[in-house]
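Subject: A structure for you to explore

Hello,

Here is the structure I promised to pass on to you. Have a look at it first, and then read my notes below with the picture open beside them.

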Amino acid sequence: MSSDHYSLFSLLRESLRGHAGWKPAWRKASPQLAYDVIIVGGGGHGLATAYYLARRYGIQRVAVLEKGWIGGGNVGRNTTIVRSNYLLPGNTPFYECSMKLWEGLEQDINYNAMVSQRGVLNLFHNDAQRNAYIRRGNAMRLNGVDAELLNIEAVRNKVPFLNFDNARFPIQGGLLQRRGGTVRHDAVAWGYARAADRLGVDIIENCEVTGITIQNGIATGVETTRGKITAGKIGLACAGNSSLVAAMAGLRLPIESHVLQAFVTEGLKPFIDCVTTFGAGHFYISQSDKGGLVFGGDIDGYNSYAQRGNLPVVEDVIEGGMALMPRIGRVRLLRQWGGIMDMSMDGSPIIDHTSVGGLYLNAGWCYGGFKATPASGLCFAHLLARDEPHEVARDYRLDRFGRGAVIDEKGVGAQPNLH
Amino acid sequence: MRLTCPHCGARALEEFTYRGDATLRRPAEDAPHQAWVDYVYLRDDPAGYHSELWYHGVGCRAWLVVIRNTLTHQIKSVSSAVASPAPNKSDS
Ligand SMILES: Cc1cc2nc3c(=O)[nH]c(=O)nc-3n(C[C@H](O)[C@H](O)[C@H](O)COP(=O)(O)OP(=O)(O)OC[C@H]3O[C@@H](n4cnc5c(N)ncnc54)[C@H](O)[C@@H]3O)c2cc1C
Ligand SMILES: [Zn+2]
C-alpha cells in the first residue's frame, strides 16, 4: 500500500518501512490527443487553474503544458511575499480572496507550503506618505481586510534595528497587515501539481507550445514540441512569455516583458520576523525559515527576456537595504537571479477571454503575481468552466484599456516599467 | 549593459531613462478610437531585436534609438532619434 495522503500517520509508517512507499508527487504524463481544457504554462497560476478546474468545476480532462520543468518559472523565482493590502476597488476583493485561499491552502491540497502569516510592514517616511497609507488602510478595512497603522514607537518595538534617524528618510511609522507574510514558493508549485495530478490532470513537462491552431476564428488546439493536441478550450498562463504565446494567435497585448532580480544571503539566526519594506526607495526584505535574508527592489526597467539583470539595479537595491537596515552590510550575498515579468500597462492583471473563440488569457501579473496564485487559479478556472468572470475578477478585462477603465494602483499611466 | 551615446561615448546605464518601443507612431488627432488604444496600450514586445528609446538625461540630454537584443541584452546600434528615427513597422 502506498502512502499517498501526507499525515503524521503516513510519515510514521514510512519511517518504519525505509520510506519505500512514497509515490512521486505527480506522474510524468505524456500528451494525449485531446483534452477538454489545455492550460499553457505550468507555473503557479497554470497549476492552480488546473487544480480548481478539476476540484471545484468538475472538469477532469485537463492538461497543463510546461515548456521547462515545474517550478522553473517565476513561481520558483519570486521573493515569496503574500499580502492583500491593495487600494483600488478592482483589486482589493481579488487579493483578499487570494489571502483567504492561502489561509486554507495546506489543508485543501494536503501539502505543507509553509504559509507563514508573519505580517507585512510598509514603512512611511513623511507626512504625505502617512496620509497615503492611512487612506490605503481605511480602504482595506472597508473591504474587511486587516490593516493597522503603527506609530514610530510601535515600529521600534517590532523591528528595533532599523535606521530610524536616517537624515533624509527618517522612519515615521508603518502600515501593518498582520495576515500578510510569506509562503514557500516551490512548495506551492509542487503542492498544486500533486493535488491536480491526483484529480486526473495531466502535467506535461518539457512540452513547449509552438503554435495555436485557429479555425474560423476559434482556437481548436496547440502545436507543441511533443506533437499536436486538440482542446475544447485553451487557457494561457505564461507569465513572462505571455506576449510571445499570444502572438501565436495573432494577438498583441497591453504588456511588456521586463526583468526583476532577487537576492538571498547566507543563513543567519532569526532576526527579522516580519516582511519589511522601505518606503523611501524600493526595497523589501524577509528572512526565510532556513535563515537567509531574501530581498529585492525595482525591475531593471527595459524590455527583457534574459532572466538576468544588470548591476545598476543590484547597486540600487543594496543601497536601499543599507539605508533601511545598515546591519545587513555585514552579511554575505549567496545567490542572485532574475525572472521575466509580464508588466501590464496599468500594473494590474488580465483574466479574460480573448477575441479568438475558445482562447482565454491569464497575464499581466507584473512583479506581484505570486500572492495572487490561488485566486488567479480559481478565477481563471471559473472563467474557463462557466464562460463568465468570477465576481472578484470582474474588472480584470482585456478591453478595460480601450474603455478607460484601467486599474492603476500606482498612478503612473501606460508606462509598464514604472508600475 | 552600457550604452555608447553617439555624442558622449560609452556611459553607464544609470545615466539614461528608458521610454520603450521606438517604432510606435502617434496617430492623427482624428484617427479611430482603436488606433489610439493600439498606440497607447498595445506592444509587440519581441524576443530578439527591439528598437527602443533611451534619453541621455545625465549626459547630452539627447533622445536615442537603441537596437538591442532582449534575449541577450546585446546592443546592436545606438543612434540619435532625431537624425535617424526608428522606422515604423507600417511604413515600408
Ligand atoms: C525576482 C522576482 C520576485 C518576485 N517577488 C514576488 C513577491 O514577493 N510576491 C508576489 O506576489 N509576486 C512576486 N513575483 C511575481 C510572481 O512570481 C509572478 O507574478 C508569478 O509567479 C507569475 O505566475 P506563474 O507562477 O504562473 O509564472 P511562471 O512560474 O513563470 O509560469 C509560467 C510558465 O509558462 C511556461 N511557458 C512559457 N511559454 C510557454 C510555452 N510556449 N509553452 C509551454 N509553457 C510555456 C514557462 O516556462 C513558465 O513555467 C516575483 C517575481 C520575480 C521574478
Ligand atoms: Zn549623450
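In chain A, 34 residues of domain 1 are in contact with 34 residues of domain 2. Please keep in mind while you look that this is a predicted model.

How much area is buried between domain 1 and domain 2 of chain A? The value is about 2,900 Å², and carbon and sulfur atoms give 54% of it.

Next, the ligand. Both domains of chain A take part in the shell around ligand 1, with at least three residues drawn from each of them. There are 37 residues around ligand 1, and those that come nearest are Glu66(A), Asn74(A), Val75(A), Thr79(A) and Lys371(A). By type, the shell around ligand 1 divides into 17 nonpolar, 15 polar and five charged residues.

Which elements of chain A each supply at least two residues of this shell? They are helix H2 (44-55), strand S12 (255-267) and strand S16 (333-344). S12(A) gives the largest share of the shell around ligand 1, namely three residues.

- A nitrogen atom of ligand 1 is 3.1 Å from one of Lys67(A).
- For Gly43(A), the distance to an oxygen atom of ligand 1 is 3.5 Å.

Lys233(A) sits in strand S11 of chain A, residues 227-236. Its side chain is joined to the side chain of Asp387(A) by a polar contact of 3.1 Å. Apart from neighbours within four places in sequence, the residues in contact with Lys233(A) include Asp36(A), Val37(A), Ile38(A), Tyr360(A) and Leu384(A). Compare that with Val264(A): 31 residues in sequence lie between the positions of Lys233(A) and Val264(A), counted as a separation, and their C-alpha atoms are 40 Å apart in space.

Finally, chain B. How many helices and strands does chain B have? The count is one helix and six strands, and along the sequence they follow the pattern β-β-β-α-β-β-β. Taken along the principal axes, the C-alpha atoms of chain B fill a box of roughly 40 × 25 × 25 Å.

Enjoy exploring, and write back with any questions!

Best wishes

Conventions. Residues are numbered from 1 along each chain as its sequence is written. Chains are lettered from A and ligands numbered from 1 in the order in which they are written. This is a predicted model: local features need pLDDT of at least 70, side-chain atom pairs count only at pLDDT 80 or more; totals for chains, interfaces and linings use all residues. Side-chain values use heavy atoms; hydrogens and water are left out. A residue is near a molecule or strand if one of its heavy atoms lies within 4 Å of it. A polar contact is a pair of N or O atoms within 3.5 Å; within protein, one must be able to donate a hydrogen and the other to accept it, and residues adjacent in sequence count only if both atoms are side-chain atoms. Helices (H or I, at least four residues) and strands (E, at least two) are DSSP runs, numbered from the N terminus. Ala, Val, Leu, Ile, Met, Phe, Trp, Tyr, Cys and Pro count as nonpolar, Asp, Glu, Lys and Arg as charged, and the others, Gly among them, as polar. Domain bounds come from an automatic or database domain assignment. Contact means heavy atoms within 4.5 Å. Buried area is the accessible area (1.4 Å probe) that two parts lose on being put together, summed over both.
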